[in-house]
Every structure is written in C-alpha cells, then in structure tokens.
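Me: Please show me the sequence and the structure. I would like to go through them by question and answer.

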Amino acid sequence: KDQLESSRREVVSCQEKDRQLQLKNRALHNLLKNEKEEIQKLQSIIASRATQYNHDLKRKEREYNKLKERLHQLVMDKKDKKLCIDILNYVGRSDGRRSAWRTSKTEARYALAQPGSFTSLLTRETPFHNLPLQNHSVTDTCM
C-alpha cells in the first residue's frame with residue numbers, strides 16, 4: 001500500500017509539473033507570437049519609411065535637375081543677350097541702311113555727297129533763329 005500511495009503522489013506531482021510546464025509553454029508561445037507580430041510590424045514600418053524616403057529622394061532629384069536646367073538656361077540667355085538695348089518702334093531709313101555716327105568727318109562727307117540737303121535744312125531753321133529777335137521786339141513794343 002505504501003508503494004501504491006507513493007506512486008500516486010509521484011503521478012500527481014508529475015501531473016502537476018506537466019501542467020505547470022504546459023502553462024509555462026503556452027505563456028512562452030504567446031510571448032513568442034507577440035514578439036513576432038511586433039517584429040513584423042516594425043519591419044513593415046521600416047519598409048514603408050524606406051519607400052517614402054526613396055520617393056522623396058527621387059522627387060528632390062527631379063526638382064534639383066529642373067532647377068539646374070533652369071539655371072543653365074538663364075546663364076546661357078545672359079551670355080547670349082549680354083548688354084544690349086532693345087529699340088522699340090524703330091524708324092529706319094528709306095534706303096534700308098543704318099545711320100552712322102555724326103562726326104565732323106561724316107558730316108563733311110554727307111555735305112559733299114548731298115549739297116542741297118543742308119541748305120534746305122538751314123532754310124527751314126531760319127524762322128527759328130529769328131524768333132528771339134521777334135520776341136524781343138514784341139516785348140519792347142508792349143512796354
């Protein structure tokens with residue numbers, strides 16, 4: 001009988017140990033499952049951030065290339081334009097040639113080439129030369 005009783009105690013103690021080990025196994029299994037879920041969640045966050053980073057990087061590169069091209073275009077435009085004056089409503093000569101600088105040498109050449117032109121200009125300007133004299137005489141008569 002003692003042997004039977006000791007066997008039963010042994011069986012009960014073994015069953016209790018087995019139950020405790022199964023509980024511990026379930027707790028560890030749940031803990032492992034939770035840790036795996038956490039790892040998967042963190043990996044998905046890392047992957048989404050990497051994707052977003054790559055997308056932002058490509059967008060910034062495109063923007064950088066656009067700005068670089070725009071700067072290059074502006075620099076080339078500046079080189080092409082340099083310093084110039086745009087003339088609006090340009091009235092050209094009737095013969096289509098451009099006018100030259102008026103210097104004493106060119107005026108003498110022009111006077112020799114077309115002698116009647118300066119005399120016609122002088123005849124048109126003569127009334128303007130007489131205006132101060134006429135103005136003075138008018139003011140004298142009024143006073």
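Me: How is the model made and numbered?
Reply: This is a predicted model, where local features need pLDDT of at least 70, side-chain atom pairs count only at pLDDT 80 or more, and totals for chains, interfaces and linings use all residues. Residues are numbered from 1 along each chain as its sequence is written, and side-chain values use heavy atoms, without hydrogens and water.

Me: What pattern does the chain follow along the sequence?
Reply: Helices (H or I, at least four residues) and strands (E, at least two) are DSSP runs, numbered from the N terminus. The chain has 3 helices and 0 strands. Read along the sequence, the pattern is α-α-α.

Me: Which residue forms a salt bridge with Arg19?
Reply: A salt bridge is a side-chain nitrogen of Lys or Arg within 4 Å of a carboxyl oxygen of Asp or Glu. The closest N and O atoms of this pair are 2.5 Å apart. The partner is Glu16.

Me: Is Leu71 buried or exposed?
Reply: Buried means under 20% relative accessible area, exposed over 50%, partly exposed in between (1.4 Å probe, protein chains only). Leu71 lies in helix H1 (residues 2-81). Its relative accessible area is 54%, so Leu71 is exposed.

Me: What share of the 143 residues in the chain is buried?
Reply: The cut-off for buried is under 20% relative accessible area. Of the 143 residues, the buried share is 1%.
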